[in-house]
Amino acid sequence: MSAVESFTVPTGVGEFPPELICRPLGFVALTGLDVIYNAVHKAIWESFSANRRPDRVPLSFKILDGDHEYPKCRSKRSSYEWYIPKGITKTGWMNKHLNLIPAVVVVFFDLDWDETQWKEKQMECASRVEVVRHSLQGRGTKVAVVLIQKNSPLPPGEDMVAAERAAALCSACDLSAKSLFVLPHSDHLFGYTIRLENAFYELAQGYYHMEARKVKAHKEFLNKTTHQLLFVRHAFKIAFFNELKQDTNTALKQYKVAYAYVSELRAHDTNMLEIKSISGFINYKICKLSFHHNAPLDAISQFRKHVDFYKNKTGCSELAFEHSAWMCKQFQIFGDLFDEAIRAGLNAIQTQHPGFYYQQAAYHAVNRKHLCRGLCHSATVMPDPNPLEDADKLEYYGQRPWRQGHQSIDPPDPAKEKDGIQALQYKELQVDHSWIIIPLLSSAVAQFKKYKSARMKRYLMVQMGEEYYHAKDYNKALTLLDRVTWDYRVERWCALLTSILNMSLRCAYLVASVRHYVTISLELIGRFAHISSEEKTHVQMNLIRVISNNPPEPVTGCPSEYVELAKQLWKDKLSPENSNIFTVEMQNIVPFVECKARFSTSKCTADTPLQLQVYLRASCQFPIRFSKLCVLLNNHAYNDYCTLVDGHTVGGDGEASYSSCHGDLYLTPGQIKMYAFEFVAEPVDVGKKIEITSIALSLGNEDNCCAILRWVGAGGDSASLTNVQEQVQMKRGPPKPNEYDWSNITLDPSISIIPRCSNLDIQLDHNPPSLMNEFYYAKVIITNNEDLEIQNLCMQIGLKEGQENTLEQSTQVFLDEATIGIPGPSRIKNVELTGNRILGVRTMYDIQVNVTQNKLSMPVICTCYQEKSVSVQTVLPYDLSIKMASLKFDVVEHVHSDEPFLLLTDIKCTSPWPITIENSQLLLSDEVKSVDETLQSQLISVSLKQNECASECYCLVAPVHHQHTTVPIGHYSVQWKRTNCEEEGLPTVETTLALPSITVETIPLFIETKIPSHGRVRDSLHVTYTIYNKTQMVQEVEAGMEPSEAFMFSGHKQVCFRILPVSQQVLMYNFYPLVPGHVKLPRLHINMPRYPGVADDLGGRMLPTHIFIKPQGKELHESASG
């Protein structure tokens, strides 16, 4: 908040002057700027005044004329020996130092260092400075000169002419070098302005420091006998000067000293208001600075000490309302400070926040109103002459206008004192206190709502409603009271609720609100209202008058001056041309009529009528008649079956006249009436719930005035919790016929409509378990056991719901075509499915049955459902294993390029049923070839029982030109089905599996061996070894035959040779067996210098190791002779 320029003296008790509340800023006067005709001067002024962000120095700037007249400085006292102060603080002192006496006067002058007429300009500048000094004669205000120049200055020390002329100008103006500044008007004007502000701020701090020291120097001349007021005044001034200096710590310390001094003053009726006013000012400053220093506990402690000290210092008893007004303002202003600190970042808690202080302020404002009514009733006229005429021209804060400057205990003129008191009382009577109380309560409500104190918020809102009522704003009072009644109903505060409803009824009557008047009357005549029977009777009679379109009688307690106006409003509202039809939400109130509805059962079949029962109970003073009862359901088609119109209507004279005999809605107090409705559910609602959405009970004639009482759901209200008195049975023995126990009536707002029970029989004939991926055969047998003909029979078969999400994609269901006769003994459906799932069969059909509704028989078409489910277990039909082997049938993990290898497949039957393998097929990839020209299955029509196996063997080779290290082999497909399947025509199941990939290695050589399948002892064996060079280089090869005891051989025992790229070398040997049996062959060792250790290992895996040698046979003649 910036310094306030205007000066006003607060006339209200406890009011704070604006200059006290604002933030004190150092006052700097700017002279020599022509902002109207000089664009440069205007830009300079805008750089000082515009965009005063918080990060800029705390100064207040104002443009003044060069010859501006400042307040004259009075001569200082050399002694206070005979001085008697007339008051504590003058009303104009703070405003004088904020807005009238500057701390710094800045003289702006257009002058460049290269000015041709330098002497003349220098003299003109000096004369302007002298005029300012003459106006400030006797003041310690600092004077500074700013030269406005067109060009930017050179760095210090480089412009000698500027230095000389600056020294000459300071000498001519009698200025120090620190008070002369240069302001170039360039693109960086704002930056120069910031630097100037900092310099002015230092000068202003020096001025306020000296002013505080001057005031402090007066202390040695004071004594506590006659100068107690001056101790307070001087401490306050020192603190205020330190605030202007922005030394808040010293200011806070001095304000505390001033508060201690003012607490020591001797108080009596004539000066009590002045002491409390000044004490309130100082307390405000202490609390504000404590919050500023982030010491909220110190601020709260100071405020509590302050109000505890002054709460009983009432002063003049005839003006006791002034003390309440002062206390109200103290709490309000501290609440504002507390709230401002919270917005600045302070954290408050639920037990300590501004709401409590606003609440106390409102409490004192209410007390002020009560004191005013008790003390000021005799002050009917303002005395003449008016003693308060000069109330806005006081010299000292807190003094009476008719005896300013008087400090004695007794008033100087008792007659004037009496007139002054009467004038203050008369002025107080003109105050509308409600508009003081309401904003305070509103602020308190906002705070308690913010800190989630719901009950305190409601309590204060009720007080706000009462104040609006006293302020004659009945519409707002009614709105506020209506917002809080809900919570009091739920929490069963019956006495409080009754009090609020009584005031709300008066407000509703005074504003002629038909809706609110009827709604409140419904509650006041109920059993929870704490009013007498006579009052309830009066309210019920008025309610009937309003419903009969007649104005009600005035409500007790209404202001008499507004009753006549209200009567006219009621006549206008209830005129025949106005239709007053409105809905009252009964779940929000506690009315005199209660409603409960329920269905007879929670479930009902489609061929059974639904029974709906509605119970009504009234607790008013005498019987009352309603006009219509409607039960609204979620399906509007049933609403016509659940409507009851009363056989009597209420006429304009209030008497009942017979019109039709639809029903009886005449309720006697204390008796429970039950109304039953019956209807049949529609086919579209089968499988759904029928719910009661609302119940509507009409009170009055829909042609004129009608209140539709609406319960949501099956009834109940905001006090629907079981009453304690209702839990005790007042009558002994079982209830009599047509009597009901209200506490035992439960709310059942919904009923489920289930399909009619089906008399079809479903059976599934199948042969489990099923085999994975086979077409599983199942037979569905449906038997009709209905007595009547069925229509539109439909059967669905598939997976039962509630299983895994992926089952539907992995299961297929096929249905054979068949014809179903209607009716018939049995039906057969053929079902084929794949997968391991829970199979469900569901039939649906229509049947026409006769249903009795309201003693009338009517045909109804019902849709019936029947379900049957079986669990089909699935097992694997067989287990397939794949192996890779060398030509020696050794299992290998990798193969060599262009070297044959074996693919072995083993099929093991795991099915409990025999399976037949119709065919198998090897589908090779482009990377692998078969050694044989054609691939033919070896398992055609092979039948396997459980745990039996069947194998196949394929010879394959990986081409040499292949460049990949890992290649896919292809796929293996098996076509199979159950052996001896009962159902003909089922397709064969084909299962295709991806074969594993193999790793192909490139080798430098390959050895091909040609050897007979067997030999004979001592018969020569011709063996040929062909060595192939698989590389693109000439390879040197060393070959050597290993000796063997079982053979003699002829050929190279050791040989060296070269093999050209992609060529071969043939080695031939003759083996001569010496022993029979499975004999180990001599091993051929191969060594290649380019591949040391590799060739011999490869050769060992390629060459045959054993051969079968037969024994030598005997000749026939030898055997014959033997």
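Four strands make up an open sheet, ordered E35-E33-E38-E39, with antiparallel pairing. E35 and strand E39 (989-994) are the edge strands, each pairing on one side only. From one strand to the next, the twist averages 35°. The model is a predicted one.

**Pairing within the sheet**

- Strand E33 (residues 915-924) is joined to strand E38 (residues 970-978) by nine bridges, and the two run antiparallel.
- E33 also pairs with strand E35 (residues 942-944), in the antiparallel sense, over three bridges.
- Ile 915 stands opposite Leu 944 in E35 and opposite Arg 978 in E38.
- Asn 919 has Gln 975 in E38 opposite it.
- Strands of a sheet pair through backbone hydrogen bonds, either parallel or antiparallel.

**Domains**

- The domain assignment divides the chain into domain 1 (18-73 + 80-218), domain 2 (472-577), domain 3 (586-726 + 739-754), domain 4 (760-869), domain 5 (878-1001) and domain 6 (1005-1110).
- The centres of domain 1 and domain 2, taken over C-alpha atoms, are separated by 70 Å.

**Nonpolar cores**

- The largest nonpolar core has 207 residues, and those that touch the most other members are Phe 108, Phe 200, Leu 522, Phe 592, Phe 626, Ile 690 and Leu 709.
- Helix H6 (residues 189-217) gives the most to this core, contributing twelve residues.
- Another core, of 31 residues, lies apart from the largest one; Phe 1057, Phe 1071, Leu 1084 and Leu 1098 are among its members.
- Phe 108 touches Leu 30, Thr 31, Gly 32, Leu 33, Ile 44, Phe 48, Arg 128, Val 146, Ile 148 and Leu 183, with residues up to four places away in sequence not counted.
- In soluble globular proteins, nonpolar side chains tend to be buried together.

**Asp 906**

- Asp 906 is placed in strand E32 (residues 900-909).
- Asp 906 counts as partly exposed because its relative accessibility is 22%, and the partly exposed class lies between the buried limit of under 20% and the exposed limit of over 50%.
- Ser 881 is 25 residues from Asp 906 in sequence, yet the C-alpha to C-alpha distance is 5.2 Å.
- The side chains of Asp 906 and Ser 951 make a polar contact (2.5 Å).
- Not counting residues up to four places away in sequence, Asp 906 touches Asp 879, Leu 880, Ser 881, Lys 883, Ala 950 and Ser 951.

**Glu 428**

- Glu 428 belongs to helix H13 (residues 414-429).
- Its relative accessible area is 6%, so Glu 428 is buried, the cut-off being under 20%.
- With neighbours within four places in sequence left aside, Glu 428 is in contact with Phe 321, Arg 368, Cys 372, Cys 376 and His 433.

**Gln 246**

- Gln 246 sits in the loop between helix H7 (228-244) and helix H8 (248-263).
- A polar atom of the Gln 246 side chain lies 3.0 Å from the backbone oxygen of Pro 24.
- The residues that Gln 246 touches are Arg 23, Pro 24, Leu 25, Pro 58 and Tyr 201, not counting those up to four places away in sequence.

Key. Residues are numbered from 1 along each chain as its sequence is written. This is a predicted model: local features need pLDDT of at least 70, side-chain atom pairs count only at pLDDT 80 or more; totals for chains, interfaces and linings use all residues. Side-chain values use heavy atoms; hydrogens and water are left out. A nonpolar core is a set of buried Ala, Val, Leu, Ile, Met, Phe, Trp, Tyr and Cys residues joined through side-chain atoms within 4.5 Å. Buried means under 20% relative accessible area, exposed over 50%, partly exposed in between (1.4 Å probe, protein chains only). Contact means heavy atoms within 4.5 Å. A polar contact is a pair of N or O atoms within 3.5 Å; within protein, one must be able to donate a hydrogen and the other to accept it, and residues adjacent in sequence count only if both atoms are side-chain atoms. Two strands pair if DSSP finds at least two bridges between them. Domain bounds come from an automatic or database domain assignment. Axes are lines fitted to C-alpha atoms, for helices over the stretch in contact, and angles run from 0 to 180 degrees between N-to-C directions.
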